[in-house]
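Good morning, and thank you for joining this group meeting. I shall present one model and take it element by element.

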Amino acid sequence: MIVLQILGLLLKLLGIALLVILLLLLLLLLAVLFVPVRYRAELKRSAGGELHIRAKVSYLLNAVRIPIRFENGKLDYSVKVLCFTLFPKKGGSKEKKKRKRKGAGSADTAEETAGKPADGAQTGAPEDGESSGAAEKPADDAVRTGTAQDAGSDGSGAAALGEPPDEERKPDSTGADSMSGSAGGDEENTADEKNIFYRLAAPFRALRRLWQKLLGILQQLRQFVRGLGDFFRSLAEKWEQISGKTGLVREFLLDEVNKNAFRCAGGTIFGLLKYILPYKMEGEIIFGTGNAYSMGQALSMLGIIYPLYAKNLTVRADFETECFRLEACVKLKGRVRMGRLLYMAVRLWFRGKLKQVLKNVKKLKEDLTAPARGKQHEAAAGRSEKDMEV
């Protein structure tokens, strides 16, 4: 009995713990869905053109907050949870400063070491032994070049280089004269015969060149006609493809399911923008362009959207300024609930039948890419057949 009582007590405690965990999870879910994410911002622009923005995003009664500040062209933001700063961490800036200081100190030491001369460097004139050795080297070179020139002037130098003597260089004058004489007579006879036949065959050569030119022109015309035919054929094929694709897209757009989904999506997007925009906004804007014509155009545009900002903003026109002027001070507040966003998404999914629309989009994509794939397969098959023939 005591064991059963202990087991019952343990099960009771376990059930209570599970119930508490479920209640905490339910409370967390309700907080995520219905506790809004609030944001507020303040925008100021001075006459000098300086822009100052201060904004803050908070959640769960400032338990989680993100302050943002933009001043003098610098953006500063952080993420805080209760009393802790998650980003950026404070230690990071200190470490960066220490690294910069160390880097500056190492650079200074490197500059000092670079300014000092190295040990053992010779700044003075060379020693006597070195100077005498340098002076003796040009004298030896001069002696060597002189001996080389003397050796080149003698005949023995030419023999050493392997050149033949003057007697061997002289050709046999009698043999050369006899050969040149016989060759000259034969060339004169053949030249006379060639001149006669060349003149008689000149008209035939001209006709041959003319015929070759005509054949080249005909071949170029044939290639041009073929290229023109291929161009018009490809143009007709492209037109057929475009007309077929436009027909498929038109059928997709005219489908009742898709039209209903587009209408539902448009209404959801409009309601989402209306919900996300700030519910409270107040401020004053002073502007001037320095030109009466441009001021009239700006006021006409503001008059069209006057119902949108009349309750929240005060817009004043400065006609006396001689240059462009824009001063503003605007404060705004807004909130966004995740439950409302989830409701909009679920409503769009079921009411707009997005599942069916996604299937239609996938089918349309396959239909549009099918002709191109078929042509690619045909081209590949044609290439393989040509390769087999070759």
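Let me begin with a definition: a residue is called buried under 20% relative accessible area, exposed over 50%, and partly exposed in between. By that scale, cysteine 329 counts as partly exposed, because its relative accessibility is 31%. Cysteine 83, at 76% relative accessibility, counts as exposed. The number of disulfides in the structure is zero.

Now to the model as a whole. Please bear in mind that this is a predicted model. Its mean pLDDT is 74, and 68% of the residues reach 70 or more. The stretch that calls for caution is residues 116–184, where pLDDT stays under 50. For that stretch the model has four contacts beyond four places in sequence. Where pLDDT is low, the predicted coordinates should not be read in detail.

The protein contains 12 helices and nine strands. Of its 390 residues, 9% are buried. If we take the contacts between residues at least 6 apart in sequence, 59% of them join residues at least 24 apart.

I turn next to a pair of helices. Two packed helices are described by the angle between their axes and the distance between the axes. Helix H7 spans residues 202–254, and helix H8 spans residues 256–276. Their axes come within 5 Å and cross at roughly 65 degrees. Which residues make the contact? On the H7 side they are Phe252, Leu253 and Leu254, and on the H8 side Glu256, Asn258, Lys259 and Phe262.

Strand S9, residues 325–336, is the next element, and alanine 328 is placed in it. Threonine 314 is 14 residues away from alanine 328 along the chain, and the two C-alpha atoms are 9.9 Å apart.

Let me now draw attention to some backbone angles. Leucine 60 is not a glycine, yet its phi is positive, at about 55 degrees. Leucine 60 sits in the loop between strand S2 (51–59) and strand S3 (64–71). Its relative accessible area of 37% makes leucine 60 partly exposed. Asparagine 72, also not a glycine, has a positive phi of about 55 degrees. This asparagine belongs to the loop between S3 and strand S4 (74–77). Asparagine 72 is exposed, with a relative accessible area of 62%.

Finally, I come to helix H11, which runs over residues 338–351 and has 14 residues. How far does H11 reach from its first C-alpha to its last? The distance is 20 Å, close to the 20 Å expected at 1.5 Å a residue. Its buried residues are Gly339, Met344 and Leu348. After H11 comes lysine 353, with a positive phi near 55 degrees.

To close, I return to the matter of confidence: pLDDT stays under 50 over residues 116–184, while the mean for the protein is 74. Thank you for your attention.

Definitions and conventions
Residues are numbered from 1 along each chain as its sequence is written. This is a predicted model: local features need pLDDT of at least 70, side-chain atom pairs count only at pLDDT 80 or more; totals for chains, interfaces and linings use all residues. Side-chain values use heavy atoms; hydrogens and water are left out. Axes are lines fitted to C-alpha atoms, for helices over the stretch in contact, and angles run from 0 to 180 degrees between N-to-C directions. Helices (H or I, at least four residues) and strands (E, at least two) are DSSP runs, numbered from the N terminus. Contact means heavy atoms within 4.5 Å. A disulfide is a pair of cysteine sulfur atoms within 2.5 Å. Buried means under 20% relative accessible area, exposed over 50%, partly exposed in between (1.4 Å probe, protein chains only). pLDDT is the predictor's confidence in each residue, from 0 to 100. The expected span of a helix is 1.5 Å times one less than its number of residues.
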